[in-house]
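I opened my notebook to get to know a new structure, one stop at a time.

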Amino acid sequence: MNALVTLLLASTIILNTNNSTMVLNAETGREAQILYYGAALGPNETAALEDAGFRASSLYPAFGLRGAAEPAVSMIQADGNLTLDLRVSEVSAQKWQNGEVLSITSCDPVCPVTVKNFFKTYEAENIIETWVEITNTGKKESTLTRYYSGHLPVRVGDVWLSTLYGTWANEGRVCEEPLARGLKLIKNMDGTRNSHTSHAEAMISLDGKPCENSGRVIGLALEWGGNYELRFQTNDSDFHHVFAGICPDNAPYTLAKGETFKSPALAYSYSGEGLSGVSRNFHRWGRKYRLAHGDIERKVLLNSWEGVYFDINEPGMDQMMGDIASMGGELFVMDDGWFGVKYPRKNDSSSLGDWEVDRTKLPGGIGALVKMADGHGIRFGIWIEPEMTNSVSELYEKHPEWVLKAPGRENVYGRGGTQLVLDMANPQVQDYVFGIVDGLLTQNPRIDYIKWDANMNISAYGSQYTKDQARLDVAYWDGFARTCDRIRAKYPDVTIQACASGGGRANWGVLPWFDEFWTSDNTDALQRIYMQWGTSYFFPAIAMASHISATPNHTVFRTTSLKFRCDVACSGRLGMEIQPKNMTDAEKDFCRKVIADYKGVRPVVQFGDIYRLTSPYDNKGFASMMYVTSEKDKAVFYWWKIANFYDQHFPRAVMAGLDPEKTYRVHELNRIDITPLPCEGKCFSGRFLMENGLDLPSSNNVDYNMKSDWSSRVLYLTVE
Ligand code: GLA
């Protein structure tokens with residue numbers, strides 16, 4: 001990257017992506033401001049902003065000299081000064097292959113601090129990232145008390161906020177509300193899993209109640225795996241002030257002389273095509289720049305967890321491998337329960353940390369399992385939870401000083417009554433965690449996949465290694481990043497899933513080292529429609545692990561039809577989470593067909609553009625969505641009935657994202673009906689499908705004794 005421009009007296013700065021523009025003011029000696037973020041402006045339209053009465057706001061408001069306005073940054077100087085006065089001293093811009101990187105440096109005339117606000121554009125994907133570097137240029141320590149990544153003023157109007165909330169087994173639920181006056185704070189303090197109870201992303205719809213495929217929407221995603229805050233503050237000004245960054249609560253960040261704090265990046269995206277438009281931007285950007293192997297198709301897998309839980313043994317694994325191979329699967333993942341010598345892992349109360357195979361369960365070790373997988377013509381994957389230990393483990397007996405623990409206090413235990421979090425801030429722990437993966441992959445180079453779990457939050461805020469206890473969150477995640485960098489440098493090709501008690505690590509700060517995330521421990525198909533809907537706001541199908549499981553479901557005990565479970569699962573990264581031994585031959589045959597059908601459309605699902613159509617949250621009795629290739633020559637359409645009432649009438653299934661001029665042939669996938677749909681094999685123009693849609697029967701036409709209230713359709717559209 002070469003410095004192309006250094007603008008010493010720059011004032012108006014225009015950042016462009018293909019469909020969006022951000023306008024900043026950075027006049028030397030004055031506070032940097034943001035004037036505009038929205039639809040792409042034409043070459044002469046920047047002047048129009050002022051003529052139209054648009055007003056600028058502080059770009060990165062600082063505390064102390066601005067009345068009651070909320071700050072993005074605040075700090076305490078060595079002499080006790082609480083105020084900051086940030087004035088632009090330099091602006092520089094550099095090109096990179098898909099855009100520009102801009103930095104605005106501001107200094108304080110009184111206090112020894114330099115603040116650099118960065119902006120990086122991703123032109124083709126319509127993403128602008130921002131982050132900050134704050135340097136203590138003085139001789140003594142100073143302490144940051146707030147250090148957000150960025151601030152975005154959004155003009156008040158009929159502005160709505162969509163955020164994701166949840167809990168274990170109910171992640172990624174959509175919450176939609178008008179952005180009202182006052183404070184809306186979304187905050188996560190879990191420490192290790194930051195997308196269970198809330199997500200570090202939000203959609204801001206500027207034209208009233210959010211629509212999927214129309215209206216102006218700004219999306220934002222904080223790329224940080226640790227504690228965060230999204231702050232939406234609406235005071236007596238004309239703006240909603242949006243802030244996002246690391247949560248500063250109980251984490252004052254002390255900067256030594258000359259030290260720099262670098263914030264995580266905050267990614268913005270603007271679209272005039274509704275929520276789905278912003279999602280498409282994030283998905284394309286994520287697949288290309290953030291997700292590991294975002295351009296490689298994912299294998300169809302069977303994971304052992306819901307099938308056998310801790311009951312791992314060699315013949316059992318062999319049987320599961322044989323079964324998934326016979327259904328057309330490509331990978332088998334052995335979940336929890338395979339390790340522990342002195343303390344064999346029989347349940348969740350022991351053994352984490354002792355990553356040595358339990359030979360009583362698996363006499364041939366991992367090597368034998370890898371060979372078995374090879375014999376079945378599939379690949380082998382394995383579960384680990386490397387950041388954790390149990391007090392009942394050889395690791396803890398050897399290294400009690402490696403766990404997070406508050407000074408002078410007893411351990412606070414998590415899962416199984418004995419689980420503890422290792423101190424990722426400690427370089428010895430980092431080496432050890434690297435060594436777990438390194439050991440497995442050196443001894444068994446044919447391991448293709450790792451499920452990396454994290455099932456406990458930071459319950460005891462204290463490091464036995466880090467002196468500055470207030471730095472714990474940042475130190476933990478820096479250590480995590482360092483370790484993952486090492487793993488990826490040595491093992492760039494292995495597939496790694498981020499799991500954290502289900503969907504606790506669906507976050508763009510975590511995913512660069514991971515290929516996908518486990519969406520939720522709840523695999524109930526009905527609930528998954530809601531969770532996957534929300535999760536898809538920011539994360540693409542290729543990253544969203546979505547498995548066919550048994551009924552009654554192990555979390556909600558609901559019984560749904562196998563067809564329905566398959567039709568939901570194949571809208572994400574398809575897998576199975578079931579004991580195939582307990583399936584009938586007919587069920588296996590159906591899954592064989594589903595897997596074959598999925599493989600045929602896998603590139604459309606995993607690399608396509610999402611168009612969400614009818615939201616399950618709108619309570620219309622059904623939900624629908626589709627993926628369309630960027631060439632618009634193929635699409636996969638999903639329609640799921642989510643409530644069953646007698647005499648219920650559904651609208652025709654209208655589509656989106658197709659080329660109106662192209663002609664598409666329709667073919668139903670995962671079909672169970674005795675007679676084909678009227679549209680089967682027929683051709684329709686994209687215009688017809690988007691204007692009129694298809695009339696889909698509200699139940700599947702099957703034998704009376706097979707009828708169920710769970711009806712659904714998956715249609716594959718190909719251009720003639
Ligand atoms: C967590 C994960 C599950 C499974 C178990 C194993 O709950 O989310 O998928 O791996 O741990 O203990």
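**Entry 1**

I began with strand β2 (residues 12-16), which pairs with β3 in the antiparallel sense over five bridges. I kept in mind that this is a predicted model.

Is strand β3 (residues 20-25) largely enclosed or open to the outside? I found that six of its six residues are buried, so β3 is largely enclosed by the rest of the structure.

**Entry 2: the whole protein**

I then stepped back to the overall picture. I noted twelve helices and 38 strands in the protein. The C-alpha trace spans about 80 × 65 × 45 Å along its principal axes. For 720 residues, a compact globule would have a radius of gyration near 27 Å, and the 26 Å of this protein agrees with that.

How much of the protein is buried? Buried residues make up 62% of the 720. As for the surface, the protein exposes about 26300 Å², and carbon and sulfur atoms supply 51% of that area. I also looked at contacts between residues at least 6 apart in sequence: 70% of them join residues at least 24 apart.

**Entry 3: a closed barrel**

Here I traced eight strands that form a closed barrel with parallel pairing, in the order β23-β24-β25-β28-β29-β30-β31-β32. Neighbouring strands of this sheet are turned by 30 degrees against each other on average, direction ignored. Helix α5 (residues 365-376) packs on the sheet, where it touches β24, β25 (379-384) and β28 (447-452). The direction of α5 makes about 145 degrees with that of β25.

I zoomed in on one pairing of the barrel. Strands β23 (residues 301-303) and β24 (residues 331-334) run parallel and are joined by three bridges. L301 stands opposite L331 in β24.

**Entry 4: an open sheet**

I found four strands in an open sheet, ordered β12-β19-β18-β15, with antiparallel pairing. Its edge strands are β12 (150-155) and β15 (182-188), each of which pairs on one side only. On average, neighbouring strands of this sheet are turned by 15 degrees against each other, direction ignored. Within the sheet, seven bridges join β18 (residues 228-234) to β19 (residues 239-246). I marked R231, which stands opposite F243 in β19.

**Entry 5: one asparagine in a loop**

My last stop was N426, which is found in the loop between β27 (419-421) and α7 (427-443). Is N426 buried or exposed? Its relative accessibility is 5%, so N426 counts as buried. Which residues does N426 contact, leaving aside its neighbours within four places in sequence? I found W402 and Y465. I also noted a polar atom of the N426 side chain 2.8 Å from the backbone nitrogen of Q428.

Technical notes: Residues are numbered from 1 along each chain as its sequence is written. Side-chain values use heavy atoms; hydrogens and water are left out. Two strands pair if DSSP finds at least two bridges between them. Helices (H or I, at least four residues) and strands (E, at least two) are DSSP runs, numbered from the N terminus. Axes are lines fitted to C-alpha atoms, for helices over the stretch in contact, and angles run from 0 to 180 degrees between N-to-C directions. Contact means heavy atoms within 4.5 Å. The radius of gyration is taken over C-alpha atoms; the globule rule is 2.2 Å times the number of residues to the power 0.38. Buried means under 20% relative accessible area, exposed over 50%, partly exposed in between (1.4 Å probe, protein chains only). Accessible areas come from the Shrake-Rupley method with a 1.4 Å probe; for residues, only the protein chains shown count as cover. A polar contact is a pair of N or O atoms within 3.5 Å; within protein, one must be able to donate a hydrogen and the other to accept it, and residues adjacent in sequence count only if both atoms are side-chain atoms.
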